[in-house]
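Let's take a walk through a protein model together. Keep the picture open beside you and look up each spot as we come to it.

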Amino acid sequence: MSPRLAHSDCIAALSVTLLNAIMALSQTPVLTTRPNWSELNPVTRLTAETFAHPPATDRPWVRVNTPDNVTSEELRAEIFEMKKSGIGGLEIGQGTFPQTPQLVAILQAANEAGLKVSLSHGSTVSPAGYSFNEDNVRKTLLFTASKLSAGEVADITLSAPLPPPNTGFGGGARPAAPPAPRRSTLIAVLAYRCASSTCNASGPITLDASSVVDLTSTLTDIDKNGVAGGTTTGRLKRTAPAEGQWQIIALWSQGVFAQPDLFSKQGTDELIRGMETDWTPEVKTLLKQNGGDIFYDSHSSDRGSPTELWTNNMEAEFKARRGYSLIQSAPALFEKNFTFSDGSAPRVRNDLNAVRGDLWIENHIKPMEAWAHSFNYRIRLQPYGEPVTTTPDEIEAASALDRPETESLFFGDEVDSYLPIASANHVTGNTWFSTECCAALGKAYAQTFQDALIRMHRSYAGGVTKLVYHVYPYRDAADAKWPGYHSFGPAGFANAWGPRNPNWIDAPAYNDYLARTQQVLTQGEAKVDVAIYMQNYLYPAPMFVKGGFHIWPDTRLQEAGYTRDYLDPTLLAMVDATATVGHMAMGRATYKAFVIDSEQQPASDPIKTSMPLDAARRILALAKAGLPIIIVGTAPNQTPGRAPADDIVLQALMRDLMQIRNVHQVAHEADVPALLLSLGIHPAMEPGSSSPLLSVHRRDAAKHADYYFLYNEGMVTPLNEPGNLFEPAEGKTFDQQVHLQGEGKPYRMDAWTGKITPIENFVATKEGVTFRLDIAPDDAAIVAISTSTLGVVPTTPKGGTAGSLPAPINLTQSKWHLSVEDWQPANDYATTGVKATETRKEIKQLNIEGVKPWPQIPSLKDVSGIGTYTASVNLPSDWKIGTGARLTLGEVFDSFKLSVNGNDVPVNQISATVEVGPYLHAGVNTLSVRVATTLNNRLSSLDAAVAKRGLIQDYGLIGPVVLAPHN
């Protein structure tokens, strides 16, 4: 019996047992009710026709930044330009939210063009005139503290602290200019004995949690000017006990953002009323016709990851959900200032993270989604964004969202960092996972389409299914110079995508490629090899972690071909699980094994040897039903919250788990791949040897088709992020045998041409197919395995074979004619406004001996624009029609288009290699390569800020350019 089949035979009869075991052992009900994702986020039914011509549903979106004084006419013109360029939707509101007449114009034009509209900022964030003084404003918890020695008499007048920066737990350095006082409400005054003989400490002061004394009721000189009639001041007279030193800690609630509260229904109701008031009947009608979404950006200030510590009903909610008083444990929330001698402070913070996440989902996200649906709108949200501060559980939030979103900048293009949100989607069945791509710090007007494409390949490998370009600026502004308005400036972070750039001429080709890929990635359901347990409230930005941040640091698992999802307690509670023939079904996803990893990062918030009891019981049920469980390092030995008695119960559950035959323990993550193989568990995509090839596997059971997105990862951790540019591509070509699981024959789905063609040379196995695969560095391929033809019409090869093939022809040093459009401002560079957007395009004609970067050609040293290279190739008189010939262009900067004897030939823009045999004939053949650049080099000669970054890009056709005939 082969190892590939042994594991399947072992667990073939588990379908009923697993579900019964889970229901019997879990204290959490199995949740099977799911949204109708096909209505919320429609999926194109993939056919040969839809793949060739993807509809708007599959197309990328853009974020449009706007200045003041935009015009309806220009907005309308830009929307139709987006349509022409292959864009499927636009997000509007960042910069300046449009006034009602402009919003109407946007919606009317978008509805006419078939584009979706997303609303961001404006009344979607807060009602007009909303202030920090509102009762239901977003608020956090602050403190003031005084030290008392034994027996000391204190007479303290309590005053609210000034607002600090919003950095969540621990606070941070105050801004140089003191902020203005805000309405603050005194929540409580508490006394704690310091655990040591004095309260002096170089770091956090250690308090005896059991010594707490609530002094709130002893206050005098109070008022009723705070929230809900609370006091904004008070006087405390207190004689300290005869022993020890004491900390008197006053807790204050204070507005942190002038927006309605995200943790209460009252705050959500105020936000909804604000939008209902702001939108006219005409706007509401147009919104219902459009069916777009409302967008929440990342960071706490933009509501994507609320980090505030308080809401008006927090004490009651916390006590009901966690069984103890948050107020009396509140010093634990300020980890840079206080800790508890019993070690409970981190567990208090874990409890608050859990409670505020639940409140956010229950009182804001779900009501907002229900209300948005009444307008045929959705909620799109980035549930992360504080690089060194704890936030709600990203996976839990994503599982509740209509449209979860990530971004390339914050996560540094690390594939591993995209997986938590993708995991939530895989279980729930949601196919929308967008990314705000492809900002690079300080690289405005230097980002290339190839750079964006590689970032998207990395995103797709992490489960992303939709691109939102960041950003597509409005045409002009009163103070903006050539080539037009850009909210981040000509040398700022984030590119200014759009027709102001020479390379935008190739936007339709790139956006077709992206749309076809995104269509494939939304088909059927996710099939993932391994599920990994994860509970996390801290998501460090890789740019802040030396060597990059990786949840699963060891790379051997992915190098062996295994894919992974991260499942948190919420996803485990949602599971309606069954197992058949070697697979465990969890919601809409399937897995072959489950891993508990004590080496997972980050090591804290909560510590990775912790686990809630409900999650442990559910995992025990899976193990008893026969699912292979792998424990890496130390098994969980404590619960994350402040419930020490539960630790003993958890330890007993882990002892029971370890006694089960199919539960295994290894020392390190690096040991997992070999163990999986020894158990007969193979990856769905298995390379012949260890490789950088990453995969995404989707299965459409109704069509009996498996789809694989395969990406040759150039580097695990990109260098110089967040300012890295992915051009030229990094890494080595993947060229080896690969085995893909699935039933039927394999097909290559070319996202550049839209063609689906059979892979002729393959070996069928009982579980799939094996064939040789060649993928350039940072490039990707799509392969389908199907019992049907996928709509492909069989073709018969034309012509014969040349008697003798000429040797490869190296055209790199040949004679080329180069015609260049030199893009530069039509007016003086100091010009601003509409006139500043005018571009003059001078034509330069050059005959060159060999291709080389434009900066090495004196007349092109500062030029940006579009260049067309033309060369001739002589083929022998006995050249037969149908003889193969592969053209490799080598390095091309940036986007390009190939023509052979007047025939446009779509080319993979990363590998720059294409079959041109069908277009060649005996005698003289003409090759034409049109190359489009960024605006960086021209702006470097005009703008001091752009010049200061010292970046001159090697534009043009660089090569080597080789034509290789073959049989």
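Predicted model: local features only at pLDDT ≥ 70, side-chain atom pairs only at ≥ 80, totals over all residues.

Start with helix α18, which runs over residues 644–658. This helix has 15 residues, and the distance from its first C-alpha to its last is 22 Å, close to the 21 Å expected at 1.5 Å a residue. Now look at which parts of α18 are hidden: D647, L650, L653, M654 and L657 are its buried residues.

Helix α17 (residues 613–624) packs against α18 at an angle of about 10°, with the two axes 10 Å apart. That angle means α17 is roughly parallel to α18, since anything under 35 degrees counts as such. On the α17 side, the contact is made by L613, A616, R617, I619, L620 and A623. On the α18 side, D646, V649, L650, L653, M654, D656 and L657 take part. Sort the residues of this contact by type and you get 10 nonpolar, 3 charged and no polar ones. Notice that L650, L653, M654 and L657 turn up here, and they are also among the buried residues of α18.

Next, find helix α14 (507–520). Its end C-alpha atoms are 20 Å apart, which agrees with the 20 Å that its 14 residues should span at 1.5 Å a residue. This helix is mostly covered, with 11 of its 14 residues buried. Among the buried ones are A507, Y510, Y513 and L514, along with R516 and Q518.

Now hop to helix α13, where R458 lies. Is R458 buried or exposed? R458 counts as buried because its relative accessible area is 0%, below the 20% cut-off. Leaving out residues up to four places away in sequence, R458 touches D413, V415, Y418, Y711, E713, M715, V716, T717, P718 and F726. The chain also brings A780 into this part of the picture: its C-alpha is separated from that of R458 by 9.5 Å, although the two are 322 residues apart along the chain.

Finally, check the backbone itself. The peptide bond from C437 to C438 is cis, with omega near 20°, and C438 lies in the loop between β15 (434–437) and α13 (449–461). Another cis bond joins W482 to P483, with omega near 5°; P483 is found in the loop between β16 (466–469) and α14.

Two residues other than glycine have a positive phi: N901, near 55°, and A912, near 50°. N901 is in the loop between β41 (895–900) and β42 (903–905), while A912 lies in the loop between β42 and β43 (913–915).

Key
Residues numbered from 1 in each chain as written. Heavy atoms only, no water. Helix = DSSP H or I, 4+ residues; strand = E, 2+ residues; numbered from the N terminus. Axes fitted to C-alpha atoms, helices over the stretch in contact; angles between N-to-C directions. Parallel < 35°, antiparallel > 145°, perpendicular 65-115°, else oblique. Contact = heavy atoms within 4.5 Å. Nonpolar A, V, L, I, M, F, W, Y, C, P; charged D, E, K, R; others polar. Expected span 1.5 Å × (residues − 1). Buried < 20%, exposed > 50% of the residue type's maximum accessible area, 1.4 Å probe, protein only.
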